[in-house]
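I opened my notebook to look at one protein chain. Here is what I looked up, entry by entry.

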Amino acid sequence: MSNTPKAAITGWPVTYSRSPLVHGHWLKKYGLEGEYGRRDVDPETAEDFYRNFKDSGLVGCNVTVPHKELAASVCAELDPAAEAMGAANTLWIDDSGKLCGANTDGIGFLGNLDQLAPGWDDNPGTAIVLGAGGAARAVIWSLLSRKFETVHIFNRTAKKAMEMAEKFGSSTIGHAWDDLGDYIGKADLLINTTSLGMRGKAPLEIDLGPLPESALVSDIVYVPMKTDLLKKAEARGNRTVDGLGMLLHQAVPAFERWFGMRPEVDEELRAMMIADLEK
Ligand code: ATR
């Protein structure tokens, strides 16, 4: 068997994942021996696959939908983020042969804002999060880790927003989507974590009218990179951050863990990704 360390994105399906591009770029840039591929994991056999991960031939993997919760549940050890979210996106086998999991989505979200909007959390006040799915969970965790005073969650299915808020505790409050207008005027930060506005999906239609001009607006959608939300926010003078960097930054700790070197999210990587997204 070759000694080349191999990692992969695992999920169902993984055809559209751009993670191989990111890791492939870094392997080449740093001249490291390693491979990063795609591995479809059928939900029927997923539990076996993750439980017996040491037989997969991989040194580690990323995990995407729909297996993040399952992956966390079979790990012997989890980092605090994966533990709090009940979901893992990065796995590896430690020196004693134990399967370990981390969730780097929140780190990706924070790394992106830290890089593109320095000082964004100097006065962590009120954040508004649109959506209550897996991405929202990572974003809310991140905001609380940076000591935001209040996080308001708005979701089409209000019950999911309430449940999410309950899990995170008293700084988070769940709301019905239609009540957004009553709160948007208080936001220091507005983040879209829904799939609305993504190419091929319905548009995100919200009234930014009462949003303070000082608020930072971010979208985790990155296809297209400049969503209508970001365009509208920019046109009225708000600072904006697109979602591409979240994908790039969440890959940093995983790459370091598997291939032994901390990679950089630099302009060259962003440019390559942007060229790919424009294809
Ligand atoms: P992810 O893991 O990427 O966050 P998800 O768990 O499926 O994906 O969550 C998608 C989010 O987008 C949810 O908040 C979803 O709202 P519901 O909980 O009501 O389903 C939101 N979303 C998707 N399509 C939507 C639409 N057409 N209108 C409003 N919200 C939508």
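**Burial and overall form**

I looked up burial first: 43% of the 279 residues in the chain are buried (20 or more other C-beta atoms within 10 Å of a residue's own, with C-beta atoms placed from the backbone). I kept in mind that this is a predicted model, where local features need pLDDT of at least 70, side-chain atom pairs count only at pLDDT 80 or more, and totals for chains, interfaces and linings use all residues. Residues are numbered from 1 along each chain as its sequence is written.

I then checked the radius of gyration, taken over C-alpha atoms. The chain has 19 Å, which agrees with the value near 19 Å for a compact globule of 279 residues (the rule is 2.2 Å times the number of residues to the power 0.38).

**Two domains**

I found domain 1 (6–103 + 245–277) and domain 2 (119–242) in the domain assignment, which is automatic or from a database. Their C-alpha centres lie 26 Å apart. I noted 10 residues of domain 1 in contact with 8 residues of domain 2 (contact means C-beta atoms within 7 Å).

**The core**

Which residues have the most contacts inside the largest nonpolar core? I listed Ala88, Ala127, Val129, Val139, Ile140 and Ile153, in a core of 76 residues. Such a core is a set of buried Ala, Val, Leu, Ile, Met, Phe, Trp, Tyr and Cys residues joined through C-beta atoms within 7 Å. This core draws at least three residues from each of domain 1 and domain 2.

Technical notes: Buried ≥ 20, exposed ≤ 12 C-beta atoms within 10 Å, placed from the backbone. Contact = placed C-beta atoms within 7 Å.
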